[in-house]
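Subject: Structure handover and notes

Dear colleague,

Please find the structure below, together with the notes I promised on it. I would be grateful if you read the notes with the structure open beside them.

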Amino acid sequence: MNTNPDVLTVLCYGDSNTYGQTPDRSRRYSANERWTGILQQQLGDGYYVIEEGLGGRTTDLRHVDPNKPSRNGLVYFRACIDSHMPLDIVIIMLGTNDLKTIYHRSAEDVAQSLKQYPEYLDAYCAGNGIKRPRIILVSPAYMDETAPHFTESMPRPGIYDAVSAQKSKQLAEPIKRLAQETTCEFFDAGPVTRTGDDGCHLDQPSHQRLADALAVLVRK
C-alpha cells in the first residue's frame, strides 16, 4: 500500500481479467504480471492503484452458480465505493460475463447495465458533497471463439458460444456512447489485447499493453 497522503487513488473494478486469471485457469498472474500491478509500476509513487477484480463478475446479474455469491458487480460496487472513497479515478472494465448464453444479453443491454455505475457515483458524490472521480469505462477484450480451448476450458459446455464472442466485438460502440452521455472517458481494450488459448482470458503480453495504454490515459 502506498501511504503517501498526497497520492492520486485509482480504483480498478472488473472481472477475472482484472483479477488476473491465466488462460489455462491454473493460477492468477503474479502482481507484476497483472495489468493493475504494471499500471502501478508505470504510474509510480504519485498514484495508489487499488485492485478490485473478481472472476465471474457481471454488471448487475446474479451468478447462475449459487456457490459463487457476490458476482453481481453493482451490489459489490456500492460497498466498494464506501470502502475506498475518496477516489480520484475509477476504471471499470465489465461486460464479458454478461455475454454468457444463459443471460441472453445484447451489447446494448450490457451498456445500459453499465450506465448504473456512473449514475450511482453521481448520486453518491452529490449526496456526500464531494467531487466525482474521473470515470474511465473500458470496453473489454474481444473473445475468440476460434481459440483452441474455447469451449473445453469452460466449467461446462455452452457457457459461451460463437454468438457471445461476436457480441464481445460489438460492445465498444454502445459503451463509447454511454461514456459520452455520462461524462466519462472511454477506452477500447479490444485492439490492444488478445485472449489466450481459452478465448476469454488475456495472455500476459496483453496485460502489459493494456497497462501501457491506460497509464497514458490516467496521466492526462
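This is a predicted model: local features need pLDDT of at least 70, side-chain atom pairs count only at pLDDT 80 or more; totals for chains, interfaces and linings use all residues.

Residues are numbered from 1 along each chain as its sequence is written, and side-chain values use heavy atoms, with hydrogens and water left out.

Five strands make up an open sheet with parallel pairing, in the order β2-β1-β3-β4-β5; strands here are DSSP runs of E with at least two residues, helices are runs of H or I with at least four residues, and both are numbered from the N terminus. Two strands count as paired if DSSP finds at least two bridges between them. At the edges lie β2 (47-53) and β5 (185-188), each of which pairs on one side only.

Strand β1 (residues 8-14) is joined to β3 (residues 89-93) by five bridges and to β2 by seven, and both pairings run parallel. Leu11 has a bridge partner in each of these neighbours, namely Val90 in β3 and Ile50 in β2, whereas Tyr13 has Ile92 as its bridge partner in β3. Because six of its seven residues are buried, β1 is largely enclosed by the rest of the structure; buried means under 20% relative accessible area, exposed means over 50%, and partly exposed lies in between, with a 1.4 Å probe and protein chains only.

As for the cysteines, the structure holds zero disulfides, a disulfide being a pair of cysteine sulfur atoms within 2.5 Å. Cys184 is in none, and the nearest cysteine sulfur, that of Cys125, is 11 Å away. Cys184 is buried at 13% relative accessibility, and Cys200 is also buried, at 6%.

Arg25 sits in the loop between α1 (16-19) and α2 (35-43) and is partly exposed, with a relative accessible area of 30%. Although Arg25 and His201 are 176 residues apart along the chain, their C-alpha atoms are separated by 8.6 Å.

Finally, the residues that line the second largest pocket include Arg62, His63, Asp65 and Tyr76. A pocket is an open set of points on a 1 Å grid over the protein atoms alone, where a 1.4 Å probe fits, with protein on both sides within 12 Å along at least five of seven lines, and lining residues have an atom within 4 Å of a point.

With best wishes
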